[in-house]
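Me: I've got this one open on my screen and I'd like to go through it bit by bit. Could you show me the sequence and the model, and then take some questions?

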Amino acid sequence: AEKIRIEIVSLSLAESRVVLDDSIKQLFVEFRLYNFPAEETPLSLPKPTSGQSIHFNYGSVMHVDMANNRARREYLKSMLLKPDLHTDSLRFTVVSDPPEDEQDLECEDIGFAYVSLREIFQKQRDIIEQDIDVLDAEDGSAVIGKLKVTVEALHALRSVYEECKHD
């Protein structure tokens, strides 16, 4: 129960500047909780055409046990206790990876997607293979695609909440 499981299943792109930009060839996904170290899919995959999907099928476990991961746990506690905290989301970043022959180019963030851990706790429901909107990094109101993710955090959040009540 002392862990959050995150799976990045797939990414599909809508007709957008990203699909039309020929300099964007390969994509990977990074995810981060608050200011803790980011993790990323081990592979970058060829950019899908509009309406197609690329499948990462990448899973990761974020441990939030008190013994070894006190900072993460304290963060989850403060997030559950302070509803005004705007840092309650896992942030997924879709990143353009330059091709092998153009390694002088930088990786570039092209879109962001968010999953609210507070919402998982409030609704008492994990997110299982759900499509979330990917917002354009240049225009935060434009949806450029969908990221299919799983975030299993409810047991860990309940455990942290129970601890809060005893503090």
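Me: Glutamate 40 lies in which strand?

Reply: Bear in mind that this is a predicted model, where local features need pLDDT of at least 70, side-chain atom pairs count only at pLDDT 80 or more, and totals for chains, interfaces and linings use all residues. Residues are numbered from 1 along each chain as its sequence is written, and side-chain values use heavy atoms, leaving out hydrogens and water. Strands (E, at least two residues) and helices (H or I, at least four) are DSSP runs numbered from the N terminus. On that numbering, glutamate 40 sits in strand β3.

Me: Is glutamate 40 buried, exposed or partly exposed?

Reply: Here's the scale: under 20% relative accessible area is buried, over 50% is exposed, and anything in between is partly exposed (1.4 Å probe, protein chains only). Glutamate 40 comes out at 41%, so it counts as partly exposed.

Me: Which residues does glutamate 40 touch, leaving out those up to four places away in sequence?

Reply: A contact here means heavy atoms within 4.5 Å. Isoleucine 8 is 32 residues from glutamate 40 along the chain, and their C-alpha atoms are separated by 9.6 Å. The residues that glutamate 40 touches, sequence neighbours aside, are Phe28, Val29, Glu30 and Tyr58.

Me: What is phi of tyrosine 34?

Reply: Look in the loop between β2 (26-33) and β3 (39-40), where tyrosine 34 has its place. With a relative accessible area of 40%, this tyrosine is partly exposed. Its phi is positive, in a residue other than glycine, and the value is near 50 degrees.

Me: And what phi does asparagine 57 have?

Reply: You'll find asparagine 57 in strand β5, which covers residues 53-63. Its relative accessible area is 53%, so asparagine 57 is exposed. Although it is not a glycine, its phi is positive, at about 45 degrees.

Me: What is the relative accessible area of serine 10?

Reply: Serine 10 belongs to strand β1, residues 3-13. Leaving out residues up to four places away in sequence, serine 10 touches Ile54, His55 and Phe56, plus Lys146, Leu147 and Lys148. This serine is buried, and its relative accessible area is 5%.

Me: What about serine 96, what is its relative accessible area?

Reply: That serine is in strand β6, residues 89-97. Its contacts beyond four places in sequence are Ile24, Gln26, Leu27, Glu106, Cys107, Glu108 and Ile110. Serine 96 is buried too, with a relative accessible area of 6%.

Me: How far apart are the C-alpha atoms of valine 134 and leucine 13?

Reply: Valine 134 is placed in strand β8 and is buried, with a relative accessible area of 0%. Residues up to four places away aside, valine 134 touches Leu11, Val94, Gly111, Phe112, Ala113 and a run from Ala142 through Val143, Ile144, Gly145 and Lys146 to Leu147. Leucine 13 is 121 residues away along the chain, and the C-alpha separation is 8.6 Å.

Me: Now the helices: at roughly what angle do the axes of α2 and α4 cross?

Reply: Two packed helices are described by the angle and the distance between their axes. Axes are lines fitted to C-alpha atoms, for helices over the stretch in contact, with angles from 0 to 180 degrees between N-to-C directions. For α2 (residues 70-81) and α4 (residues 154-166), the axes come within 9 Å and the crossing angle is roughly 75 degrees.

Me: Are α2 and α4 roughly parallel, roughly antiparallel, oblique or roughly perpendicular to each other?

Reply: The cut-offs are under 35 degrees for roughly parallel, over 145 for roughly antiparallel, 65 to 115 for roughly perpendicular and oblique for the rest. The α2 and α4 pair is therefore roughly perpendicular.

Me: Which residues of α4 make the contact with α2?

Reply: On the α2 side, the contact is made by Arg73, Leu76, Lys77, Met79, Leu80 and Leu81. From α4 come Leu157, Ser159, Val160, Tyr161, Glu163 and Cys164.

Me: How far apart in space are valine 160 and lysine 77, C-alpha to C-alpha?

Reply: Valine 160 is part of helix α4 and is buried, at 0% relative accessible area. Beyond its neighbours within four places in sequence, valine 160 contacts Arg73, Leu76, Lys77 and Leu80. Valine 160 and lysine 77 are 83 residues apart in sequence, and their distance in space is 6.1 Å.
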